[in-house]
2 protein chains.
Amino acid sequence: MRVSRSRATDDLSAAPIFVLVEPQMGENIGAAARAMLNFGLTGMRIVNPRDGWPNPKAAAMASGASAVIDGARVFGTTDEALGDCHYVLATTARRRELALPVVTPEEAVSALRGRIGDGQRCAVLFGAERSGLSSDDTARADAIVSIPVNPAFASLNLSQAALLVAYEWSKGAGLPAPDNPFAEEPPASRADAARLFEHLEDELDAVGHFYPPEKATMMKRNLRAAIMRAGFTDAEVRSLRGAVKALGRGKPE
Amino acid sequence: MRVSRSRATDDLSAAPIFVLVEPQMGENIGAAARAMLNFGLTGMRIVNPRDGWPNPKAAAMASGASAVIDGARVFGTTDEALGDCHYVLATTARRRELALPVVTPEEAVSALRGRIGDGQRCAVLFGAERSGLSSDDTARADAIVSIPVNPAFASLNLSQAALLVAYEWSKGAGLPAPDNPFAEEPPASRADAARLFEHLEDELDAVGHFYPPEKATMMKRNLRAAIMRAGFTDAEVRSLRGAVKALGRGKPE
């Protein structure tokens with residue numbers, strides 16, 4: 001089954017969308033746009049840019065790549081930016097606290113190509129210049145893309161990370177997408193999966209499940225990661241929400 | 001045939017030497033050093049740098065990669081810089097006037113690895129920021145490395161070109177690759193996943209969720225498939241069973 005596409009600019013190209021989460025300097029946003037366009041990528045989303053939007057410094061640095069900047073969509077939260085996406089990768093070092101698969105850029109591109117070939121909207125998350133992606137943002141991804149670097153000197157910046165992922169993507173850009181054996185039914189959108197988690201969270205809050213309070217954040221993060229990573233289809237999300245609702249309502253009087 | 005090695009710093013590592021020909025800004029030399037060191041490369045040679053040598057701006061930009069800058073060898077001409085090299089690649093757009101093979105970065109790395117494995121000293125030439133490599137310098141190479149870029153926007157700078165070639169080189173160089181994808185946290189056993197489903201089924205039975213009776217079988221089958229297919233880890237199964245238990249128990253009296 002093909003997933004219907006909306007009309008936003010970044011949906012037109014059969015390519016991953018690069019999502020910059022809370023980037024700080026406009027120059028770095030512009031440099032990322034240039035890195036992307038070098039390899040033919042144009043779909044950019046920006047979450048909560050520190051210096052607001054539009055940003056003249058981003059436009060100046062982007063110069064020939066200003067179409068990427070002009071077409072960028074800005075969101076207040078990572079969840080909103082990923083709401084219509086079906087498959088999300090996070091570029092970050094490995095996080096031992098998260099049970100996410102860790103893939104190389106090559107493996108990431110192979111996964112992206114399969115999903116996109118099935119009509120799924122795919123995103124790659126890039127963190128802020130200094131702090132990188134938070135654990136919370138990383139937990140929203142299906143997998144981590146880790147670029148193997150020299151352990152004694154690992155200093156890739158935002159535009160370099162974007163460059164390397166875009167470069168890998170471009171290698172097969174003219175090739176037919178491989179079949180994705182796992183995607184007969186595409187996963188539900190991130191927003192629908194998130195609503196399933198939130199529904200579960202609300203019901204669990206109501207029965208006092210997240211206890212003691214100091215463990216609540218971690219318990220919620222782990223549950224969220226499990227739900228978001230499961231790749232439930234639309235029908236499965238509906239079925240599970242029905243189950244959560246039934247359990248929340250409890251035994252008939 | 002094994003080639004004997006001299007004692008220069010850039011001969012110690014079994015890796016290609018990056019030769020910057022007439023670079024202009026020190027910052028770009030420093031950025032190239034950082035790009036190289038990210039992927040474990042340390043051998044740099046510089047031909048006739050515009051602003052002399054040493055260059056404080058190069059050292060400042062290199063920061064953590066200053067060992068590359070400190071170990072760089074400076075030559076007056078490209079011929080001198082390549083004098084002890086056995087195999088040379090030129091990073092540049094294709095030159096129709098030169099009868100040189102044109103290879104991708106992947107093919108270049110494959111050739112380099114073979115030569116270096118035979119003990120040959122190999123170099124990769126990078127041109128000046130604006131003008132790139134001259135035809136004369138390019139003609140000194142055995143082959144051209146051409147990075148396939150968007151024909152409508154090709155704007156790789158010196159450090160980006162160095163980054164991409166170094167990245168390709170590093171793939172076979174034994175850098176710690178990310179863990180085998182999907183193997184870090186294996187999914188729970190089928191039996192444990194099945195027990196999660198059965199637990200959920202029991203709780204849902206208790207609240208009369210599977211209604212009407214003629215739909216119960218299909219509802220259960222769909223729920224089971226969603227749970228079994230999700231690939232939950234052991235920790236996730238425990239976390240979800242805790243959630244099911246909490247919901248089943250309902251609100252505290």
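Predicted model: local features only at pLDDT ≥ 70, side-chain atom pairs only at ≥ 80, totals over all residues.

**Exercise 1. Walk along a helix**

Take helix α8 of chain B and work out which elements its buried residues pack against.

Solution. 
- Step 1: compare length and span. α8(B) covers residues 190-206, 17 residues in total, and reaches 24 Å from first to last C-alpha, close to the 24 Å expected at 1.5 Å a residue.
- Step 2: pick out the buried positions. Among them are B:A193, B:L196, B:F197, B:L200 and B:L204, but B:H199, B:E201 and B:E203 are on the list too.
- Step 3: look for partners. The buried residues pack against α9 (213-229) and α10 (234-249) of chain B, and also against α10 (234-249) of chain A.
- Step 4: look past the end. Just after α8(B), B:G208 adopts a positive phi of about 70°.
- Step 5: continue into the loop between α8 and α9 of chain B, where B:P212 is found. The peptide bond from B:Y211 to B:P212 is cis, with omega near 0°. In chain A, the bond from A:Y211 to A:P212 is cis as well, also with omega near 0°.

**Exercise 2. Find the core**

Which residues of the largest nonpolar core touch the most other members?

Solution. 
- Step 1: recall the background. In soluble globular proteins, nonpolar side chains tend to be buried together.
- Step 2: take the core of 85 residues. The residues touching the most other members are A:F18, A:M44, A:F126, B:F18, B:F39, B:M44 and B:F126.
- Step 3: zoom in on one of them. Leaving out residues up to four places away in sequence, B:F18 touches B:M36, B:L41, B:G43, B:M44, B:R45, B:V124, B:F126, B:A162, B:V165 and B:A166.
- Step 4: A second, separate core has 39 residues, including A:F197 and B:L223.

**Exercise 3. Size up the interface**

How much area do chain A and chain B bury between them?

Solution. 
- Step 1: the total is about 5,000 Å², with 63% of it on carbon and sulfur atoms.
- Step 2: ask who contributes. A:N38, A:F153 and A:L247 supply 15% of the area that chain A buries against chain B, more than any other three residues.
- Step 3: Chain A brings 60 residues to the contact and chain B brings 61.

**Exercise 4. Follow the salt bridges**

Trace the charged partners of B:K171.

Solution. 
- Step 1: go across the interface. B:K171 meets A:E168 in a salt bridge at 2.4 Å, N to O.
- Step 2: stay in the chain. B:K171 also meets B:E168, at 3.5 Å. Both lie in helix α7 (residues 158-171) of chain B, three residues apart, about one turn of the helix.
- Step 3: B:E168 is buried at 4% relative accessibility, whereas B:K171 is partly exposed at 31%.
- Step 4: widen the view. A:E106, A:E168, A:K171, B:E106, B:E168 and B:K171 are linked in a network of salt bridges.

For contrast, which parts does the pair A:R221 and A:D136 tie together? The closest N and O atoms of this salt bridge are 3.0 Å apart. A:R221 lies in helix α9 of chain A and A:D136 in helix α6 (residues 135-138) of chain A, so the pair joins parts 85 residues apart in sequence.

Conventions
Residues numbered from 1 in each chain as written. Chains lettered and ligands numbered in written order. Heavy atoms only, no water. Helix = DSSP H or I, 4+ residues; strand = E, 2+ residues; numbered from the N terminus. Expected span 1.5 Å × (residues − 1). Buried < 20%, exposed > 50% of the residue type's maximum accessible area, 1.4 Å probe, protein only. Contact = heavy atoms within 4.5 Å. Core = buried A, V, L, I, M, F, W, Y, C linked by side-chain atoms within 4.5 Å. Buried area = accessible area lost by both parts, 1.4 Å probe. Salt bridge = Lys/Arg side-chain N within 4 Å of Asp/Glu carboxyl O.
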